[in-house]
Amino acid sequence: MAFELTNFNNVTSGQSSDFEAKIWAYASDTDTLETVSTAGYFNQMKHALAADNLIYISASDGRAIYYVTSALSADSVTIAELSESPSHSEFSDSNFRIYDNGDNTKKIAFEASSISTGTTRTLTMPDFDITLANMAAQSSSSVNIDGGTIDGVTIGASNKITSLTSFWGLFESDTDSGSFAPIRVTNNIDNTATSAIYVLSGSSTSYANISFENDTSSIFDIGVNPSSHAEADNSFIWNYANQDIRFGTNNTVRAVLSGAGTFQITTVDINGGTVDGITLGTNSAVTEAQIDNININGNTISSTDTDGTIGITPDGSGQIHLNSDTVTFHQDISHSGDTDNKISFGADTQNYLTSGSSRLDISDSGVRLGGANTRVTTVLDEDDMASDSNTSLITQQSLKSFVETEADTILKAGLTWDWGSGTPDIKKSANVSSLTDTATGKVTVNFTSSFADKQYFVGLGVGGNVSDQLRCIETDTRQTGSITITFKYVEDGANVVVNTADTTRDQALIVFTN
Amino acid sequence: MLNKLVYTDKNTGSVSVVYPVDPEKIRESIRRERAKEVLQPAVEKVVEYEIKADEDGNEFRQEIVVQEYQPVVYNTDPVTDEDVIARYISDSIPEGIDSYREVESEDIPASREFRNAWVDVDETTKVNVCCCKAKEVALGELRRKRNKELDKSDRILMSLLDREENEKLAELRIKRQKLRDSTEKLKALETTGLFDDEEMLQKIRDEREQELDITV
């Protein structure tokens, strides 16, 4: 396209002579501002234009601009954007008007009377086109009030704010990584566009957060990571869908107030202050109180029911453990439903009763069975029962040893041997320390423990295979510590002779008893 | 542990041999005797008392007294082998015996044939067999055997006299004289100073075992 003469008008035509500068207006329905601004576009008007003429251009792309003629020649007109260079750069606000190109009765005037004397105020245009009468229609920028004071402002008095793309609150830095404690209202902190209001710290991980989500999920979170709606560290979550309110720390639910009305608290730690005057079951009995552990800071569990029984009843096969070094009973421990089957405690006494009768009672004097007769004070491990106590019991070992010893004592001394060869082959012995071979048919038996006197019994048995010999012994010397015996036999029913045949066939058994 | 002991009777010169029977019982006996020595006596202790009044209003103290036995403290000193041997010797060696010595089984004659001839005459541990005593032992046995035969011959002699069988009487008288003389060879054996002399012992044994015949 090209310059259209009909669209080029002298705006100052008909004005007073004081207004020496010439102002032109050019409006193009077909050329854009870029086209209009090209060199030589206005060459056709070289005869009318003079230096420093002002041209107001309204292009087909909606853009408008002021140009001044900067150079004129016989063939061309050069224009430049309006600058301070024109000498007529100031106008009285009563003389300067801008009128509509279609209806020049529609004008724009400026009023500077309120400005302090000697003061210049600057009206700075933003870097985009605006229409002052309809700022709400602007969609790609913002109003930046940088300095001064805003007060007495009413937002949405007649109509609600239908859209608020982003609001950077007080003390907010330019980025999310600021070190302040900011307030930012946004809907895309996590790029999900699910929160209507989101209050975010400068760091997305280090500061407390509050989020309100839309009514489809109805989540109200306070926490480090509320958008996950999980029990993250130090979080508080009201969840409409779950119908509960949760408090969490360390990724664990610590308390849940459910929609069913129960309030579950993992641990209640009232650390300080006073909780008193609390009564459970005033109007109706507390039928069940499930408590994992009870820590009583006092010393008494009691009841107000006179002579009433306090029962502790574990469920099923549960047991009652009294984990204390000392369990103290006032008097009796009895079997349920069998009160005369009990252990009764008194001062330094314990009595074990069944059917009301004492079976075992203990006192400082010892232990007694059956409630009567001798008390036992100890158990002695004395093989010889030397204490001869009438209040002591004896161990199985010492009883066995004593009986065995006494058996030896009753037998007192015994010896069997066999003259199988030149030396005796001892078969068995009791209380015999040695056997002395004194002569043929004559031995001395030496006792380990001596007899009390010499009047002990002596018995003899001799084995052999000579049927016509009647054997006998003769005690040569009888002492408390030994006895010497001569074995003899009756020869041919007449002569008593010494048994000289002890070389191979004889065995001897000698028994001495008290 | 314990060896056999040998001692000699000064009066008879005969040897006695002592055989230990059960050293462990000797040890146990010593242990018990020691334990008795240190047994602590019981101490009486008042465990409970009550102040009462008699009919005259005089207060007296009624007490329950028990005998509290002190902990039994045994002498646990170990019974040594020396202790056992000392007890064994004291129990077995008669009074009046000055010396004794230990012997092994092989020191004792394997046969008791001449038991009463055992003596202890040399410096070795071996028990000796005295040939003189062995001869006496054999003489005793031979005499006993001979006497039995003489007794029998007495009955035969009386029978022959009754029947006046003079020839048999003469023969019997000769055999009876032989019986009386049967010990002469044994008595004639020179055994003085002989010990453990097996040749001589065999001679003694042969004489002792000689056949005595009174058949007529």
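**Entry 1: chain B, overall**

I began with chain B of this predicted model and counted six helices and seven strands. For both I took DSSP runs numbered from the N terminus, H or I of at least four residues for helices and E of at least two for strands. From the N terminus, I read the elements of chain B as β-β-α-β-β-α-β-β-β-α-α-α-α. I found 22% of the 216 residues of chain B buried; buried is 20 or more other C-beta atoms within 10 Å of a residue's own, exposed is 12 or fewer, partly exposed is in between, and the C-beta atoms are placed from the backbone. I then looked at contacts in chain B between residues at least 6 apart in sequence, and 61% of them join residues at least 24 apart. A contact here is two residues whose C-beta atoms, placed from the backbone, lie within 7 Å.

Bookkeeping: residues are numbered from 1 along each chain as its sequence is written, while chains are lettered from A and ligands numbered from 1 in the order in which they are written. As the model is predicted, local features need pLDDT of at least 70 and side-chain atom pairs count only at pLDDT 80 or more, whereas totals for chains, interfaces and linings use all residues.

**Entry 2: helix α3 of chain B and its partners**

Next I asked what α3(B) (residues 131–163) packs against, starting with α6(B) (residues 198–208). Their axes come within 9 Å and cross at roughly 10°. Axes are lines fitted to C-alpha atoms, for helices over the stretch in contact, with angles from 0 to 180 degrees between N-to-C directions. α3(B) and α6(B) are therefore roughly parallel; the cut-offs are under 35 degrees for roughly parallel, over 145 for roughly antiparallel, 65 to 115 for roughly perpendicular, and oblique for the rest.

On the α3(B) side I listed B:Cys131, B:Ala134, B:Lys135, B:Ala138, B:Glu141 and B:Leu142, which meet B:Met200, B:Leu201, B:Ile204, B:Glu207 and B:Arg208 of α6(B). By class, the residues of this contact of α3(B) with α6(B) are seven nonpolar, no polar and four charged. The classes: Ala, Val, Leu, Ile, Met, Phe, Trp, Tyr, Cys and Pro are nonpolar, Asp, Glu, Lys and Arg are charged, and the others, Gly among them, are polar.

Then I took α4(B) (residues 166–180), which packs on α3(B) at about 165° with the axes 10 Å apart. That makes α3(B) roughly antiparallel to α4(B). I noted the crossing of α3(B) and α4(B) as left-handed, i.e. the near helix is turned anticlockwise from the far one by less than a right angle (right-handed if clockwise). Residues of α3(B) in this contact include B:Leu150, B:Ile156, B:Leu157 and B:Leu160, and those of α4(B) include B:Leu169, B:Leu172 and B:Leu179.

**Entry 3: chain A, overall**

Chain A comes to two helices and 32 strands. Buried residues are 15% of its 514. Of the contacts in chain A with a separation of 6 or more, 29% are between residues 24 or more positions apart.

**Entry 4: two sheets in chain A**

I traced an open five-strand sheet in the order β1-β2-β3-β4-β5 of chain A, with mixed pairing; strands pair if DSSP finds at least two bridges between them. Its edge strands are β1 (8–10) and β5 (77–81), each pairing on one side only. Neighbouring strands there are turned by 30° on average, direction ignored. Inside it, β3(A) (residues 54–58) and β4(A) (residues 64–72) are antiparallel over five bridges, and I saw A:Leu54 opposite A:Val68.

The other open sheet I followed runs β17-β18-β19-β20-β21 in chain A, with antiparallel pairing. β20(A) (residues 357–363) pairs with β21(A) (residues 366–369) over four bridges, and a hairpin joins them through two residues. A:Ile362 stands opposite A:Val367.

**Entry 5: where A meets B**

How many residues does each chain give to the contact? I got 36 from chain A and 34 from chain B. On the chain A side, the largest share is eight residues, from β26(A). That side has nine nonpolar, 22 polar and five charged residues. β26(A) also pairs antiparallel with β2(B) (residues 15–20) over four bridges, with A:Leu435 opposite B:Tyr19.
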